[in-house]
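Thanks for coming. I will go through one structure and say a few words about where its two chains meet.

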Amino acid sequence: MATIQEYKCPCCGGAIAFDSTIQKMKCPYCDTEFDMETLAGYDSELQNDQKDDMQWQTASGGEWQDGEANGLRSYVCQSCGGEIACDENTAATSCPFCGNPVIMMGQVSGALKPDYVIPFQLDKKAAKEALKKHYEGKRLLPKVFKDENHIDEIKGIYVPFWLFDASADVKMRYKATKARTWSDSRYVYTETSYFSVSRGGNLGFEKIPVDASVKMPDDLMDSLEPFDFSKAEKFQTAYLAGYLADKYDVDAQESAKRANDRIRKSSQEAFDATVTGYATVTKENSSIQLKNRKVHYALLPVWILNTTWNGKNYLFAMNGQTGKMVGDLPLDKTAYKKWLFGLTGAIGGVLYAILCLFYLL
Amino acid sequence: MKNRLYTVFFALLLFILMAFPAFAASDMPRLVDEAGLLTSSEERELLDKLNEISERQQVDVVIVTANSLEGASAMDYADDFYDENDYGFGYERDGILFLISMEERDWYMSTSGFGITAFTDAGLEFLSEKILNDLSKGDYAQAFTTFAEMSDDYIAQAKTGKPYDEHHLPKDPFRLLFYLVAALVIGFVISLIVTGIMRSKLKSVHGQTAAGNYIKNGSMKLTTRNDLFLYRHVTRREKPKQQNTSRSGSTHRSGGSTTHRSSSGRRHGGRGGKF
């Protein structure tokens, strides 16, 4: 039902993938490297090539459509002919049989074509290193967790994000007071002056990222910020080769709510800061009008690491561009108690000794 | 012969009279419970205690309860009671007398001789603070026992050459317990903060609520800036009166004991008040 894309090495015919260390496509078989620009043209030609296969695949896809397997899609691998069953949002994956990277063209073309992509800068090894570092310096992390640590799954995913641009017209009104005190021989006087303070102006926001994938927890994705959008590239499907990718399944309208909340809070904070010289300031009214609204669709690189411990699943994510690692870790309750009471004893003891010393002198 | 006998007798008498002040001269017991505040068993117990302390320290520790001062001030009454009943060891009449009068609800501690040295003004203040509570509650036996025991301690301390005084008051054993509890509470709060920081290191997933990082540089323009004065009002409150209590004055003391002359001309120290 949909086309899939494999990048074949023009040199040896092997499946090629994006290499984050050299920021180029590289054939794992013959080590030939290709510039992304070169592939941009090659890309469109290849898409034309696939047209014929499309008819043939629709028939097999139809069966799935009627079946129980809702939300599943199947593709046929062009290298080995194996059937690739995957999530309806999957935009890039690898064939479970031959391991070749494949891209579902239907998920990233037409209306679904992303505007930007930030290519992976860091590879799997860096992600593993980062996780090890993530465990360091945390005294309350169970030792067993660190020692028995084995990563169940590690995958590089291009996560869909909506990027919101807007300029905000802000109008704020506050009630503020100033106080002055003086005294004569008998009384202390306090004079309170009340002011109505208004502030207006505008403020531009650029590329506020909001996670557009249901699968990815919002707070986990938020924690990966910031991404450096100056390094964002115009989208090319070739970047996806060798990684997983999803298409968005939260639409821009839905995501805008989260972006709006963030814009509102930051605008208010920015204008609150201009009200100075008062003893108390109370907000009375605020209105924010968004102008020049623009939404971009981008795929951002994220390494997802999965590990299970004591029957609980721990999810870590690394910013594939900056290497920022996030993910909550379990608490060693006995170690926590030991530290709490040990420190109480130690600090209390030292304090007591000092007090006793003063007492005796 | 007879003259010689007289001479010997007088010499002996003189000798005895001179030697006598080395011992307690008083015929009165060291506990005079005129107001009848103590049961007989309490009385016996307390008297034994006072006798024991006085003999051992060679300083009289006397407790007197009176129904009425009969117009005299507590200080005069206590001083005269001490002098007239010949309390005190040695030439200097070393001792302390603790008087309470039920009608006036006055108390007074009169010191004499070495008692003046041992019980400084600051020391007496501290001592009276420890027993006033029991006195006010009517727990006289307890107050007197505390007085006797603390006096013992005061005298012993003074014999080391460094009597309890300003900046050098008796150690309160409860203070140490208080310190321990306070140290542990502070320690617990600090460790709660420290372990809280250690705990927070485990958590790195936080949702973002602001977009401050995405404000375009220099894009903020303030077009309206209006600070409109509405109204003002003035409140006034009376200044707190300067407090001039004896307590705040006493903190500037340099220590030692102040003394006065009693009606018999003897030098006494002391401190008194109401309970």
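A definition to start with: two strands pair if DSSP finds at least two bridges between them. Helices (H or I, at least four residues) and strands (E, at least two) are DSSP runs, numbered from the N terminus. This is a predicted model, in which local features need pLDDT of at least 70, side-chain atom pairs count only at pLDDT 80 or more, and totals for chains, interfaces and linings use all residues. Residues are numbered from 1 along each chain as its sequence is written, and chains are lettered from A and ligands numbered from 1 in the order in which they are written.

Now the pairing across the chains. Strand β11 of chain A, residues 187–211, runs antiparallel to β5(B), and 16 bridges join the two. Within this pairing, B:Thr224 of β5(B) has A:Gly200 opposite.

Next, the whole interface. In contact with 60 residues of chain A are 54 residues of chain B, where contact means that the C-beta atoms, placed from the backbone, lie within 7 Å. On the chain B side, the elements giving two or more residues are α7 (173–200) and β5 (221–238). The largest share, 18 residues, comes from β5(B).

How covered is β5(B)? Hardly: of its 18 residues, the count of buried ones is zero. Buried means 20 or more other C-beta atoms within 10 Å of the residue's own, again placed from the backbone.

Last, chain A itself. Chain A has six helices and 16 strands, and 33% of its 361 residues count as buried. Of its contacts between residues at least 6 apart in sequence, 70% join residues at least 24 apart.

How values were computed
Contact = placed C-beta atoms within 7 Å. Buried ≥ 20, exposed ≤ 12 C-beta atoms within 10 Å, placed from the backbone.
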